[in-house]
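Dear colleague,

Please find the structure below, together with its sequence.

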Amino acid sequence: MRQRLREFNFLVVGGGPAASVCAITLAKAGAHVCQLHRDDSRKRDVELISGRARRALSEVVPGHLVYGISDMEITETISLWGDDSPQIWNAMQNPYGPGIAVVRSTFDAALRSAAATAGVWLLGGHHVQHVERTMHGWRLHAKVGDGHTELCAEKLVLATGRDARDLLGREPRRIDNRLVYTSTMVPAAGSPRHAFFLELTEHGWWYALPHPSGDSFLGYCSERRQAVRRGPPVHAIFMNAIERASLIRGLVRPNGSPPVVQGRRAGMQRFDHACGEGWIAVGDAAFAPDPLSGLGCEFAIASSLQAARVLLRSASLVAMAEYEQRVREFSELHRLQGAKYYAE
């Protein structure tokens, strides 16, 4: 069944923080906004929303939402990165205050709910098949169940993330294929500490965050050949790596059942263009930071706010060029800083 909906000022494609923050900002300015996303409750990852990102987010959505997403406030960072003993930084040293540990599926759903409250036309369960340029803007074709939906809008916002097919046919300009990211949830050894753990090991690096359930979420970035080589299954490689990580090992309850380990590619990714005539990309669809930086959500929020300002200025050529330049400057600075850490 084909369903045709009325036209919008903006179509935002994506269901993550970048999409929702951009849609909310546009809707609050009086624009007619539609946000489409695929229902994805499989994102079990726990991520750190920095104090800076938390403050920026509170300017977009009600404060009670930001503070109510998670009760896991991260008050310290504990790092073992080339040192003989762990180094500890307290959140009191951060002018933006503590961050929060969020389960991505819960966090994303909360922001989409805030978007609907702000007046965004929210369409879940839609798989966007393709978009096409029209005389007056864009026409988007999406599959939903056994049906088909067509939407029209003046401008298009791409917030499709790192791994989704690019709707405009852009090819990544640079993909760092050295790293693979694997993650799992494990029973915590004792009461969870409200801390972000970071550890460098021989073949990669670890991070850990407390899960609201009381478990520990572990993420491991390793060289691709270490993660995919033939031999033991992925979870065995993962657990063997834990045994060589003195800081992270102390967070895992001994003799626990084998964890379910998930994996995906990691590393920095960017495109030749982050915007163009009638369209703009935000978050990972504009530039995907290396997971080591912990700036994924922060860049998603910052780029979405900037993109919304550009679009509300009628997406002038000057404003679009400024946005493109800011994305390039951020990606280059990110590359240089990442090279410094990996050199260790």
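**The largest cavity**

The residues lining the largest cavity comprise two nonpolar, two polar and two charged. In this grouping Ala, Val, Leu, Ile, Met, Phe, Trp, Tyr, Cys and Pro count as nonpolar, Asp, Glu, Lys and Arg as charged, and the others, Gly among them, as polar. The lining is made up of Thr201, Glu202, His203, Tyr220, Ala241 and Arg244. A cavity here is a set of points, on a 1 Å grid over the protein atoms alone, where a 1.4 Å probe fits but cannot get out, and lining residues have an atom within 4 Å of a point. The space in the largest cavity is about 30 Å³, and the count of cavities of 30 Å³ or more comes to one. For these values, grid points are joined across faces, edges and corners, and a volume is the space filled by probe spheres set on the points.

Please note that this is a predicted model, in which local features need pLDDT of at least 70 and side-chain atom pairs count only at pLDDT 80 or more, while totals for chains, interfaces and linings use all residues. Residues are numbered from 1 along each chain as its sequence is written, and side-chain values use heavy atoms, leaving out hydrogens and water.

**The three-stranded sheet**

Helices (H or I, at least four residues) and strands (E, at least two) are DSSP runs, numbered from the N terminus. Two strands pair if DSSP finds at least two bridges between them. Three strands form an open antiparallel sheet in the order S3-S7-S4. Strand S3 (46-49) and strand S4 (73-74) each have a single partner strand, so one side of each is left without a neighbour in the sheet.

S3 and S7 pair in the antiparallel sense over four bridges, and Leu48 stands opposite Ala101 in S7. S4 pairs with strand S7 (residues 99-103), also in the antiparallel sense, over two bridges. Opposite Glu73 stands Ile100 in S7, and Ile74 has Gly99 of S7 as its bridge partner.

How many of the five residues of S7 are buried? Five of the five are, so S7 is largely enclosed by the rest of the structure. Buried means under 20% relative accessible area, exposed over 50%, and partly exposed in between (1.4 Å probe, protein chains only). Gly99, Ala101 and Val103 lie on one side of S7, Ile100 and Val102 on the other, and both faces are covered.

**The seven-stranded sheet**

Seven strands form an open sheet of mixed pairing, in the order S6-S5-S14-S15-S16-S13-S17. Strand S5 (residues 76-80) pairs with S6 in the antiparallel sense over four bridges. Within this pair, Ile78 stands opposite Ile88 in S6.

**Two helices**

In helix H2 (residues 51-58), the buried residues are Gly51, Ala53, Arg54 and Leu57. Seen down the axis of H2, they fall within an arc of 160° (taken from the directions from the helix axis to the C-beta atoms), so they line one face of the helix.

Helix H4 (residues 104-117) contains Ala114. Ala114 is buried, with a relative accessible area of 13%.

Methods:
1 Å grid on protein atoms, 1.4 Å probe; cavity = no way out; pocket = protein on both sides within 12 Å on 5 of 7 lines; lining within 4 Å.
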